[in-house]
Amino acid sequence: MLEIQRIRQEKEAILLALAKRNIDANQTLDTILQTDQNWRMAKTQLDQVAAEMNQLARSIGELFKSGQQSEANALKEKTTVLKTQEADLKEQVSTLENKLQQLLYTLPNIPNEAVVQGRDAEDNQNVFEAGSIPQFSFTAQPHWDLAKKFKLIDFELGVKVTGAGFPFYRGKGARLQRALIQFFLDEAIAAGYEEFISPHMVNEASGYGTGQLPDKEGQMYYVQEDDFYLIPTAEVPLTNIYRDVILPDANFSIKMCGYTPCFRREAGSYGKDVRGLNRLHQFDKVEIVRIEHPDNSAKALDEMIDHVKNLLEKLELPYRILRLCGGDMGFASAMTYDFEVYSAAQEKWLEVSSVSRFDTFQSNRLKLRFKDDKKTTLCHTLNGSALALPRILASLLENHQTENGIQIPKALQAYTGFSVIN
RNA sequence: GGUGGGAUGGGUGAGUGGCUGAAACCAACAGUUUGCUAAACUGUCGUACGGGUAACUGUACCGCGAGUUCGAAUCUCGCUCCCACCGCCA
């Protein structure tokens, strides 16, 4: 959520920045500013009336105490008019406040200067590539065939027990999965992130805090009976640890990580790239989250990128990094780097990580601030996948397949306990 | 699920209608004292929004929402959450 003060002061700049998302926010911003102005006017009036009421009430109290009944009663009469005025103004103020809040909630974050305008994934900038794409002397198989052949994943069983997009991992597939989680967590911990095991369901306030609500309402699984949402990413519980928190000084750098399953309804995306592990309703992910001083968030983002790079290199996977264009960025993000791994058998790039800075967009919703001298200032938040499992698994299977089975990368072998799947 | 208790500032906790934005203590911060540390003493010490260049000032907030009243942390109603015990379950 953008700060209203900022919209007041830098409307033009915001407009320009939002244009990178292909959004013409001119009208929305005008409505916001108009509503804000009306709100302020009503608020000022309300404050004045309230001050008058307080004054009167005090006088009446004193009169009663000194036994001046009739004078007190006379003053009482005066309050009736003020009371209706106050009620009126209160109504106005809260209506305007709600309206403003709604407007602000639906406005996405403004992209960083480095982000280019663009419509969709086509316009993303390729900023880095590493690793070599394997050449096979045989016909490479896609992971869903390999998974079946080696009994690693059972999609049909998942359909039977739950539904599409909820696979079973079994045997070496399950162990590989667990090994990856452990590997990712160990790497994150070594990089200074504190591990958390978090709830897998969150309340509504948390959904709003990180921006999933109201924007992605229909994309989360919802437990009506208790009003809980199944988390779509560990970002939600981890970042919300710091909802309504004021850090005592400006000297902080909070690094958290956590493994959780992630639940996504993926409504509307049926039929597209959903084969095998490419898109699931439940998947596993290790997330890294940072809360930083505004001056430090650019550096933090770089560190996170290096961290993910390092993971992919240890897994010996060819990958590239894209800086997302305005149109392809998430609602809350100011700048996002996507990591894509090349899948040799599918012959396409698969997104395995998304690393973003949110600047003050989340912290403004979260009311996450720090004290700087006397002032309270909004923190910056960042997060990234490090990493999401299914497509990593898919590309491990596809890229590391040989005629004698699937080779496990060295760095993982200590975790799996086996070096080949055959 | 049943019964009972509770929700006040960073923490503990007082406060049953006006003098309470809120005692006291602890923590924190600044200073004085001190050979150092400690102790002692003094002061500061919530958040948000509005107005003002500023000093400052107004308003709101004692879980949330309504209500009673000239006036509510305090009274009434509804809700939420927490704790304890019992039951059930892992």
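Helices (H or I, at least four residues) and strands (E, at least two) are DSSP runs, numbered from the N terminus. With that in hand, H3 gives the most to the surface near RNA strand B, eleven residues, where "near" means that a heavy atom of the residue lies within 4 Å of the strand. Bear in mind that this is a predicted model: local features need pLDDT of at least 70, side-chain atom pairs count only at pLDDT 80 or more, and totals for chains, interfaces and linings use all residues. Residues are numbered from 1 along each chain as its sequence is written, and side-chain values use heavy atoms, with hydrogens and water left out.

**RNA strand B**
- Of the 20 residues around RNA strand B, Trp39, Ala57, Arg369, Lys371 and Thr376 come nearest.
- Sugar or phosphate accounts for 76% of the RNA strand B atoms within 4 Å of the protein, and bases for the rest.
- A polar side-chain atom of Arg369 is 2.7 Å from a phosphate oxygen of the RNA strand B, while for Arg40 that kind of distance is 3.2 Å.

**Aromatic pairs**
- There are eleven aromatic pairs in the structure; rings of Phe, Tyr and Trp (its six-membered ring) pair if their centres lie within 6.5 Å, with planes under 30 degrees apart called stacked, over 60 edge-to-face and the rest tilted.
- Phe166 and Tyr221 have ring centres 6.3 Å apart and planes at 55°, so they make a tilted pair.
- Phe331 and Phe361 pair edge-to-face, at 5.7 Å centre to centre and 80° between the planes.

Terms used:
Chains are lettered from A and ligands numbered from 1 in the order in which they are written. A polar contact is a pair of N or O atoms within 3.5 Å; within protein, one must be able to donate a hydrogen and the other to accept it, and residues adjacent in sequence count only if both atoms are side-chain atoms.
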